[in-house]
Amino acid sequence: MDLCPTQAIVGPYKLDARRCISYLTIEHAGPIDEALRPLIGNRIYGCDDCQLACPWNKFAQLSPLPDWQARDGLGVGSIAELMAWSESDFLRRTEGSAIRRIGHARWLRNLALAAGNAFTSPSLKSQEREALLKTLTAWAQHADPVVQEQVAWSLGRA
Ligand code: SF4
């Protein structure tokens, strides 16, 4: 309960899904509540910090199955690099992955939010800042108003 970044676990055995980053970044289609955005940090697809804290999970084993391994550049890359993917890049690179089901627009919304949070990081280098500004600006006129609004919010924090 203490470790949840958005205080979504509101009591023993009680979760407010409206505050849960896994729900917000994967299942939720609209704009993300502005009050929660800074708390999401750089989580662009899910969270599961509570799974890391769960005492039972100390018994978990890493699976050797290929489906559970990082694939095709999804485990690496800066926010700016991931944001540079076109819709066809997104569909190709997430083929066979659960990430694909959120679609390119929601993927961009999540990345744009993370970019907005990155601007407040004292460790952000000027080159990284320029790359984020460039990629956010490139999506500023996206056809989806949710992406547009998120990009505008994030540019406002630069
Ligand atoms: S997934 Fe993250 S945001 Fe959701 S309840 Fe667990 S720790 Fe909280």
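A nonpolar core is understood here as a set of buried Ala, Val, Leu, Ile, Met, Phe, Trp, Tyr and Cys residues that are joined through C-beta atoms within 7 Å. A residue counts as buried if 20 or more other C-beta atoms lie within 10 Å of its own, as exposed if 12 or fewer do, and as partly exposed in between, with C-beta atoms placed from the backbone.

## Basis of the model

This is a predicted model, in which local features need pLDDT of at least 70 and side-chain atom pairs count only at pLDDT 80 or more, whereas totals for chains, interfaces and linings use all residues. Residues are numbered from 1 along each chain as its sequence is written.

## Overall fold

The protein chain contains 8 helices and 2 strands, where helices (H or I, at least four residues) and strands (E, at least two) are DSSP runs numbered from the N terminus. Along the sequence these elements follow the pattern β-β-α-α-α-α-α-α-α-α. The radius of gyration, taken over C-alpha atoms, is 16 Å, close to the 15 Å that the globule rule gives for 158 residues, so the protein chain is as compact as a globular protein of that length; the rule itself is 2.2 Å times the number of residues to the power 0.38.

Taken along the principal axes, the C-alpha atoms of the protein chain fill a box of roughly 45 × 35 × 30 Å, and 23% of the 158 residues count as buried. Among contacts with a separation of 6 or more, 63% are accounted for by residues 24 or more positions apart, a contact being a pair of residues whose C-beta atoms, placed from the backbone, lie within 7 Å.

## The largest nonpolar core

The largest nonpolar core has 25 residues, of which I79, M83, L111, A112 and A115 touch the most other members. At least two residues of this core come from each of α1, α4 (79-83), α6 (103-118), α7 and α8 (145-155), and the largest share, 8 residues, is that of α6. Leaving aside residues up to four places away in sequence, I79 touches N42, L111, A114, A115, A118 and L132.

In α8, the buried residues are V147, Q150, V151 and S154. Seen down the axis of α8, these fall within an arc of 100°, so they line one face of the helix; the arc is that of the directions from the helix axis to the C-beta atoms. The buried residues of α8 pack against α6 and α7.

## The shell around the ligand

Of the 13 residues around the ligand, C4, C20, I21, C47 and C50 come nearest, a residue being near if its C-beta atom, placed from the backbone, lies within 6 Å. Both α1 (21-27) and α3 (49-53) supply at least two residues each to this shell.

By class, the shell holds 9 nonpolar, 2 polar and 2 charged residues; Ala, Val, Leu, Ile, Met, Phe, Trp, Tyr, Cys and Pro count as nonpolar, Asp, Glu, Lys and Arg as charged, and the others, Gly among them, as polar.

R19 lies in the loop between β2 (14-15) and α1, and counts as partly exposed with 19 C-beta neighbours inside 10 Å. Not counting residues up to four places away in sequence, R19 touches T6, Q7, A8 and L36; the C-alpha atoms of R19 and A8, 11 residues apart along the chain, are separated by 4.9 Å.

H28, in the loop between α1 and α2 (37-40), is partly exposed with 18 other C-beta atoms within 10 Å. E128, in helix α7 (residues 126-138), is also partly exposed, with 17 other C-beta atoms within 10 Å, and its C-alpha atom is separated by 9.3 Å from that of I79, 49 residues apart along the chain.

Conventions:
Two residues are in contact if their C-beta atoms, placed from the backbone, lie within 7 Å.
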